[in-house]
Amino acid sequence: MAAPTAPRPTVHLRPEGTENERLDMGFRAFKKERFAEAIEAWGSLSLASLPRLRPALAEAHFRRALGQTDRQAAIQDFRAALAVVPEDGRLWYHLGLALHHEGDLDGARKAYARADRQGFPRREPLAYVQTLLELEASPSTDESGRARALPGLCLEEDLIDPIRALLRQDWATLAATAPLPAVTHAKGTPSVPGMAGLLRGIGLVGLGQWTQGIQTLGALSQDLFPGPMEALRVVFLGRAMAAVGRSGDARKIRAATLARTKNPTLGADVAEAALAGLEAWLEEGRWAQVAAAAQEVLKAFPCPRAQVAAAIALDHLGRDAAAAERWAEAARHWSELLRLGGEALPGMAACSHNLALAYEGQEQWDQAATAWEAALAALPRRITKAQVKSGSAYGGLSPEAMLRRREWIERRALELRQRTGRVDEVLRQRKALIKRTPLDLELRLEQAETLMNQDEVRAAEREILAVLRLAPDHPGALEASARIHLMEGLPKAAERPLRRVLALDPGRAFARMALATALAAQAEDLPRGARKEAVRMLEEAVELAPKEGGFRLALAAWLLDGHAADQARLQIDAALGLGKGAWGQVFGFWARREDLVQAKALVQQGQALGVLDPEFFCHAGLDCLHVAEDQDDPFHELLHRRRAGGRGAKGESGRVEKTEAWLAFSRTLLDQAVVLDPSVDRLRDLVNVLIVPHPDLALPYAERAAALRPSDPMVLLDLAVAQSGAGQSQAARKTLLKVERAARAHKDRHEATAILELLRLVPVMGAEGLHESFCKIMRAMDGPDDFDLDSEGIPY
Amino acid sequence: MTELSLVSQDPYQELGLEPSVSDADLRKAYFALVRLHGPEKDPARFKRIRAAYERLATPEKRLETDMLRLQPWTAPPLPALERDPALWIQDVLRAARSLSDLDRRHFREDFREVKS
């Protein structure tokens, strides 16, 4: 039996092949500068047996390190190279540079020292970075960074001393810089004569010798120096220019340089110049000026003073715009403020709050929801005593008040998302919220409401039942449960929860109305013989919702059928007392009962009281038309007789007579609507409702509208359709020509194109078929399905 | 449609109160104003006062009103411009670094030949 084995170490994939093959593979990769591959190939070989591999492997690590953008990875490579050839001073030097960059000054110092000990041949650059390191470690100590005395080096005189003078702001020393001997230091250093000029110019400007400073510094080409050195030249040249009144030139060169190099000194100079009048502007409320100046500074330099100034100005500009309801402008300012403020400025929750309101003002619900969410994220979850005492926007709130605000914002954001139609997102977010706060019953009910609106009745029911399990008498949940029953056509089932709500709180408006509706629905389904039961139910409905005329009229109908005319009259009069709108409702009641006498009496009564408006006459006229149309319905008489308890049968002549009477009354009422409101809009309203079923009735109104607006292509098209429907094909053809002319001259190109498109179909269907086709289109548009045109262009 | 409480229709402003007023002080101030501007003396003002109070009368209404008002933002104090020293040490050191190998990218002279 085999002995138990230790866990296997992780197996690294190694290049396949023999030792020599792997060696060659590494060399080939190295030549192609694929150092990672070379390291991989060589890494699997034994360095002990292949001593010539050591420098090669170290070189591969070294070169890969130089190409690394990640400095830590580079340091690892330098260390790996040094592990192979620790005596290589060059590797120590570069490790020192990398550590120096990373701010590990101790590590860098040791690495430079080791490079020196190992005899790194480029002594000047090494001495320079060693000196720099000491200067950086303690820049204020005059003796720090004293360069090591290296025979043949002039670092002290031509580089280190001027740097020290700059750090001390020893302008006199700098101004006296003599032309330096033309010694070339490490590659990459500028030519020495240029350096001397730069140092002299800086010194002159530091001493206030502006003109000489400008001459000296201005004579130097910007290409002479690396970026940070060039920035110093521009700092001093800009200061001298500003001092002699050349502010425009100063601004130009500063901006151009800052665009290339970030330099706090130069940035501060730009800020100082741009924000020179800041206090006065703020005092005077010149917000636009403050914002523009501060933003200009911020484009070039992250200046805290400019940041706060811009924020103050933008907030004021936002408030001014909001006060004038210029919401888009307000949103722009607050967005910019939030962009600038980020995490640096305090109170950003208030700014996000205001931004959300600005978006709401524009009805941009999605953006508003996002801003509310940002406000919520910026609000503290807990408030300290110090914040309560501070009294700032949110800080002055008690923890309870803060919690209420958080909840309000959360709901608001959800509600707005819902408005944008992103219901799935809302349901998802709310579900997560419910999970976090399972005892928030209102939230569950909101979820149920949304689900109901999405026709997800069962899911809604589950939420409601969850609430009722936690709080069996929760009125909102009981009402929601009743709503589901009503939606499903189960008024009897809705009754129980509603009665429970009203037992707890008899004044709840929704429950009263819903119970009245449930009772009326049940009464409507009762057989004629159950009159007593129906009356009882409707009396209760009226008691629950006394201001709803519909329940009173339903009750009146049962009472009239039961020969309780006086009681019915009481209900009808009470319905009429509910306001102007009730007159139309009562007229409809008499029309449905086909009681022309009562309908006419009602109109007379209303006219005498002056309560009838054009709207009433329009609707009443249409009610009469429906009654007239019903006379042609073969089932109608049967229904009518059933309603009348088997009496009132009428023959053909009686039916025609009745139809005529209702039609005549309809015309009278519609005419009266036009008498009260003879506008084209009113006439077109009538034409629109009459044109499909009664083009002959629509025609006089269409003619009057066309007379009032003879160049309106839509009005003329109405007329053509009405003429076609009324059998006046020739007149329709003439009108169509006018329609075309009017459409071509019409200002609204979109509408004109639509009309001309429609006219294109006329040759196919002919003026005679215009009305028929129009009716098909209208019916198709009203119907659930889309319509299409057949091969001849006729809608089907 | 959002009912934003703008300056012109700010209920607190109408009642002459700060938004941080307590509920008790709010009621007290309301009754005092109503006594001062009764419906018979100044019906228009009375109506406005009532409408303003109506928007703050219950905790729910007050929360809604408060949340639909612009929130005050307290700006931090304006920092002074950092002008001292006239020349930033970091800028001098960066300039000095720019003359050194620390700012170089290519070091071909430090490469060693590798022979296969």
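The following is a conversation about how terms are applied to a predicted model.

Colleague: What should I know about the model before I ask about terms?

Modeller: The model is predicted, so local features need pLDDT of at least 70 and side-chain atom pairs count only at pLDDT 80 or more, while totals for chains, interfaces and linings use all residues. Residues are numbered from 1 along each chain as its sequence is written, chains are lettered from A and ligands numbered from 1 in the order in which they are written, and side-chain values use heavy atoms, with hydrogens and water left out.

Colleague: Why is Leu337(A) called buried?

Modeller: Buried means under 20% relative accessible area, exposed over 50%, and partly exposed in between, with a 1.4 Å probe and protein chains only. Leu337(A) has 0% relative accessibility, so Leu337(A) counts as buried. Leu337(A) lies in helix α18 of chain A, residues 327-341. A helix here is a DSSP run of H or I of at least four residues, a strand is a run of E of at least two, and both are numbered from the N terminus.

Colleague: What does Leu337(A) touch, leaving aside neighbours within four places in sequence?

Modeller: Contact means heavy atoms within 4.5 Å. On that rule Leu337(A) is in contact with Ala311(A), Leu314(A), Asp315(A), Met348(A) and Cys351(A).

Colleague: Why does Gly89(A) count as buried?

Modeller: The relative accessibility of Gly89(A) is 5%, so Gly89(A) counts as buried. Gly89(A) is in helix α5, residues 89-101 of chain A. Residues up to four places away in sequence aside, Gly89(A) touches Ala115(A), Gln118(A) and Phe120(A).

Colleague: Why is His37(B) called buried?

Modeller: His37(B) is at 16% relative accessibility, therefore His37(B) counts as buried. His37(B) sits in the loop between α2 (23-36) and α3 (43-54) of chain B.

Colleague: What makes the pair of His37(B) and Arg45(B) a polar contact?

Modeller: A polar contact is a pair of N or O atoms within 3.5 Å; within protein, one must be able to donate a hydrogen and the other to accept it, and residues adjacent in sequence count only if both atoms are side-chain atoms. The side chains of His37(B) and Arg45(B) make such a contact at 3.3 Å.

Colleague: What makes the pair of Glu109(B) and Arg122(A) a salt bridge?

Modeller: A salt bridge is a side-chain nitrogen of Lys or Arg within 4 Å of a carboxyl oxygen of Asp or Glu. In the pair of Glu109(B) and Arg122(A), the closest N and O atoms are 3.6 Å apart, and the pair forms a salt bridge. Between chain A and chain B the count is seven salt bridges. Helix α17 of chain A, residues 304-323, gives the most to the side of chain A that touches chain B, with ten residues.

Colleague: How many residues of chain A are in contact with chain B?

Modeller: 93 residues of chain A are in contact with 52 residues of chain B. The buried area between the two chains is about 6300 Å², with 67% from carbon and sulfur atoms; buried area is the accessible area, with a 1.4 Å probe, that two parts lose on being put together, summed over both.

Colleague: How many helices and strands does chain A have?

Modeller: Chain A has 41 helices and zero strands. Of its 796 residues, 49% count as buried.
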